[in-house]
Each structure stands twice: as structure tokens, then as C-alpha cells.
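Thanks for coming, everyone. Please take a moment with the sequence and the model before we start.

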Amino acid sequence: MPASQRRARIAAVSAALALTAAVATTAAATASPAPQPSPQHAAQAAKDAFSFAVIGDTPYGAGALAAFPSHVAQLNADKSLDFVVHVGDIKNGSDKCSNEYFDTIRADFDQFTHPLIYTIGDNEWTDCHRTSNGAYNPLERLARLREVFFDEPGKTLGATMPVTSQADLGIPEDVAFTRNRVAFAAVNVPGSNNSMLPWTGLGKTAPTPEQVAEVQHRTDAVIVEIKKTFAEARQRNDRTVVVLQQADMFDPTYNVPWTDISAFTPIVQTLIDEASAFSGDVYLFNGDSHVYNADRPLAVGSPWLSKYGVTGSAHNLQRITIDGSAKATNYLRVDVAGNGSAGKDQPILSWDRVSFK
């Protein structure tokens, strides 16, 4: 991105931040003062409970791209958030996957004042073979994404928060971290059948050997990361496990053909095996299908079990899909209850959609 464009992009975010701050100041001046908790109570609450935000499938198109800095500013203004997660698809499925676009989004991401965890979506690499996307080789685009967004493995984007990564496997985007007995794993599981759909924009009618090898390597790494996260959570006696990814492996918005989901099977089986062996609740956050949804797709009796041909079930796994595309008008605010007596009789995770203004 030319320096002039980068400065303009940063200036837009700064202006949005200033506007948000002004609105907050005005509101604070006119509101009645709220009762203040004791220092001891406030310190305990700050130590135990925490919150994070999840967004995905945004920005889609020129209008959303122009509005995105204001969304970043609003998330920054929510000082109660400990971090933000973007579950992939930083562009729509028809715009070009250009270096310039990647640089624009990186400039926006750099304005986050919270730590930002970004999981890669299919629109920014898997589907880039499409003519409208520029007829790129998807593996080359994946390599470029890693250069642009994961240039410092072990650190988040935005404000720095340490994470463990699979950089030693060449997959720096797969990361894990823990907070107050909650284990998190963010993994590269994209739509388009986990990147197994043929690259028709490049004249291919079947997956190439290079494509198959990438999918196998990345899927193996995802399974390792999920198993490791659960094993460490059990060892620490964590309260819950949270998995974050782009692909909706249980899309309720259409009659999903097997060719759209077959490559997810080993990941689905791993989630069943690990969740069913974990004593607490498990949460899977994803984007991809664009419509908010919360369900239990791996519970006994779910049609997804027979569709995938997997064994066992996992009633304790709840899946939450984030609004995206034209519906990306809000962020999902997730509140994590305090540990021990601080969170007694509360769900460990609860969430609400907060509208962007």
C-alpha cells in the first residue's frame, strides 16, 4: 500500500476514535454517577471475570470497508473487552485478493488497542482462484497472508498478548492461550470444504496434489492443536474450552451436499472425542454462513452425526455462528463468569450482540 494511502487509512481510524471518545465524554457528563464498588470488590471482579468480542465475515465490499475503521473504534472504546477475535473472511467472495487489499486490512487491524486474534477465512485464500478474485494460486495467497498478518509468531495483532503458535510447523495462524481457567484454540479451518474444492478459476476440475498435501498438513496440525488444548485443559482442571475457526461445518442455511463438507470429517471426529472426554462445557465459535445461530450440532440425535459418519457424540459442545456479510452490523460480546464463588450459579460463557453505531 502506498504511504499516502496508509496514512489516509490510519487518519480515518483516528477520526472515528475521536468521534467515539467525544460521544462517550458527552454521555458521561450528562449521566448520573453510578455507585462505585469497593476497591477490594473491583479488584476481585477484574481478576476473575473477563470479556471478549467476536466478529467475522467483514468487511464485505467497498461500503463495509469504509465503515470498518469506525467498527474498530467502537470495539476499542469498549474498555471492558480483554481481546477481540476475527473469525475470518476479511473480504467478500468476489473482490480481488490483492496485496494492496491485504495491506489495507492490516493497517486497520493495527489500529486495534485490544489484542486481536485473527483466524483465516476461505475468501482471502482458498477461493482466490476465482477469476473475479484475480485467478491467484490459493497456496501463494496463503503464504502472503502469513507474511502480512503473522509476521511476529507468538504475538497477537493489535495490542500484544502472548500466544503459543504452530510457527514451527509453518502454520503461525494456529494459536492457543488460556485465561482464568478457560482454554482457547484458534485454528485455520476455512470454508470451501476445508480448501478441497477444485480451483476452477485456474482450469482445475479436481484437487491438485499440492492442494491435497496442504490440506492434509494443515488438518493434521489443527487436530494436534485441538488435542493439545484439551489435554492441557484437563491437566489444569480448566472450566471450559473454546475453539475458534472460520468454517461452518454444520451450516443450517441450506441442504449441504457431502462435497461441501467431507474434508471436515477428521476435525469433527476430533471435537467429538475430545469434548466428550472433557468434564466441562465446550464452545465452538465460527463464521462463514453469515447468520447468527447457537446450537449443539454434535449432541445425540443430531443429523450431523450420521451425515459425517462419525462415532460418538458431544452434548457438551455448543456452537455459535457470528453474523457476517450484510448482517455484520454487530459484534458478539462474550462475558466469562468469574472463577469460583465469583461465578457461582452463572453460566461460564454468556453473550449478546452489540450493534455497531
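Start with helix α8, residues 265-276. At 1.5 Å a residue, its 12 residues should span 16 Å, and its end C-alpha atoms are 16 Å apart, so the two agree. That expected span is 1.5 Å times one less than the number of residues. Helices here are DSSP runs of H or I, at least four residues; strands are runs of E, at least two; both are numbered from the N terminus.

A word on the source. This is a predicted model: local features need pLDDT of at least 70, side-chain atom pairs count only at pLDDT 80 or more, and totals for chains, interfaces and linings use all residues. Residues are numbered from 1 along each chain as its sequence is written, and side-chain values use heavy atoms, with hydrogens and water left out.

Is α8 largely enclosed or open? Largely enclosed by the rest of the structure, because 9 of its 12 residues are buried. Buried means under 20% relative accessible area, with a 1.4 Å probe and protein chains only. Among them are I267, V268, L271 and I272. Their cover includes α7 (209-236), β8 (240-244) and β9 (281-286).

Next, a helix pair. α4 (residues 99-109) and α5 (residues 138-149) pack at about 30 degrees, axes 10 Å apart. Axes are lines fitted to C-alpha atoms, for helices over the stretch in contact, and angles run from 0 to 180 degrees between N-to-C directions. The pair is therefore roughly parallel, meaning under 35 degrees.

Finally, the whole chain. It has 9 helices and 13 strands. Of its 357 residues, 52% count as buried.

Definitions and conventions:
Parallel < 35°, antiparallel > 145°, perpendicular 65-115°, else oblique. Buried < 20%, exposed > 50% of the residue type's maximum accessible area, 1.4 Å probe, protein only. Contact = heavy atoms within 4.5 Å.
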